[in-house]
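Please consult the sequence and the structure shown below while reading this briefing.

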Amino acid sequence: MATRGKLEVDIDLKSNADKFWETIRESTTIFPKAFPHDYKSIEILEGDGKAAGSIRHIIYAEGSLLVKSSKEKIEAADDEKKTVSYTIIDGDLLQYYKKFRGHISVTPNENGSEVKWCAEYEKAAHDVPDPTIIKDFVVKNFLEVDAYIQNA
């Protein structure tokens, strides 16, 4: 019997929505340089790394608690709406979750912007915990991106 779930988080940011979105979209080159404590490398395997159908291989830095490597496929991306959806298609995460799909959206607000992240997942076994460790990493990462933009 599969156990499915959904995690969501909304984060208020100081960065304006366009600048935050641009940084997220350029994560293939920016993240390993700006956040080497989290990302060892991000390699584009298919496509341009941004458009639907693109596949990226992410190798996380030493000390990553759950995942050392993952391949993600971009399912949909809309630069105008500032949304992207991706599915994990290979890597350590799939030992714990049969399916893992993420969605990011960035919207402007009066103080900067808001980023929303949502993950839908199906556990590989009933005793696998909800992926709160992934959510915590995402929150930390988004706050670090916000600080990176503010200090640029």
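**A serine in a loop**

Ser15 is found in the loop between strand S1 (4–13) and H1. Helices (H or I, at least four residues) and strands (E, at least two) are DSSP runs, numbered from the N terminus. This is a predicted model, in which local features need pLDDT of at least 70 and side-chain atom pairs count only at pLDDT 80 or more, while totals for chains, interfaces and linings use all residues. Residues are numbered from 1 along each chain as its sequence is written, and side-chain values use heavy atoms, with hydrogens and water left out.

**Surroundings of Ser15**

- Ser15 has a relative accessible area of 1% and is therefore buried; buried means under 20% relative accessible area, exposed over 50%, and partly exposed in between (1.4 Å probe, protein chains only).
- The side chain of Ser15 makes a polar contact of 2.4 Å with the side chain of Asp146, and another of 3.0 Å with the side chain of Gln150.
- A polar contact is a pair of N or O atoms within 3.5 Å; within protein, one must be able to donate a hydrogen and the other to accept it, and residues adjacent in sequence count only if both atoms are side-chain atoms.
- When neighbours within four places in sequence are left aside, Ser15 is in contact (heavy atoms within 4.5 Å) with Phe20, Gly112, Ser113, Asp146, Ile149 and Gln150.

- At the start of H1, a side-chain oxygen of Asn16 reaches to within 3.0 Å of the backbone nitrogen of Asp18.
- Helix H1 (residues 17–25) has Ala17, Phe20, Trp21, Thr23, Ile24 and Arg25 as its buried residues.
- An α-helix has 3.6 residues a turn, so residues three or four places apart point the same way.
- In helix H2 (residues 27–34), the buried residues are Ser27, Thr28, Ile30, Phe31 and Pro32.
- The cover over the buried residues of H2 includes H1, S2, S3 and H3.

**Aromatic pairs**

- How many aromatic pairs does a search of the whole structure find? The search finds 9 aromatic pairs.
- One of them joins Phe31 and Tyr39, which are tilted, at 5.2 Å centre to centre and 45 degrees between the planes.
- Rings of Phe, Tyr and Trp (its six-membered ring) pair if their centres lie within 6.5 Å; planes under 30 degrees apart count as stacked, over 60 as edge-to-face and the rest as tilted.
- Phe31 counts as buried because its relative accessibility is 6%, and Tyr39 counts as buried because its relative accessibility is 6%.
- Tyr39 also forms an aromatic pair with Phe137 that is edge-to-face, with 5.9 Å centre to centre and 65 degrees between the planes.
- This pair links distant parts of the chain, since Tyr39 is in strand S2 (residues 39–46) and Phe137 is in helix H3 (residues 132–151), 98 residues apart.
- Is Phe137 buried or partly exposed? Phe137 counts as partly exposed because its relative accessibility is 25%.
- Ring pairs link Phe31, Phe35, Tyr39, Tyr60, Phe137 and Tyr148 into a cluster.

**His57 in strand S3**

- His57 lies in strand S3 (residues 55–60), and His57 is buried because its relative accessible area is 16%.
- The side chains of His57 and Ser69 are joined by a polar contact of 2.7 Å.
- Not counting residues up to four places away in sequence, His57 touches Ser41, Ile42, Glu43, Leu45, Ser69, Ser70 and Lys71.

- Strand S4 (residues 69–78) and strand S5 (residues 83–91) pair in the antiparallel sense over 8 bridges; two strands pair if DSSP finds at least two bridges between them.
- Glu72 stands opposite Ile88 in S5.
- S4 and S5 form a hairpin with 4 residues between them, and Lys82 in the turn has a positive phi of about 60 degrees.
- S5 and strand S6 (residues 97–109) run antiparallel and are joined by 5 bridges, and a hairpin of 5 residues connects S5 to S6.
- Tyr86 has Gly102 as its bridge partner in S6, and Thr83 stands opposite Ser105 in S6.
- S6 and strand S7 (residues 112–123) run antiparallel and are joined by 12 bridges, and a hairpin joins them through 2 residues.
- Thr107 stands opposite Glu114 in S7.
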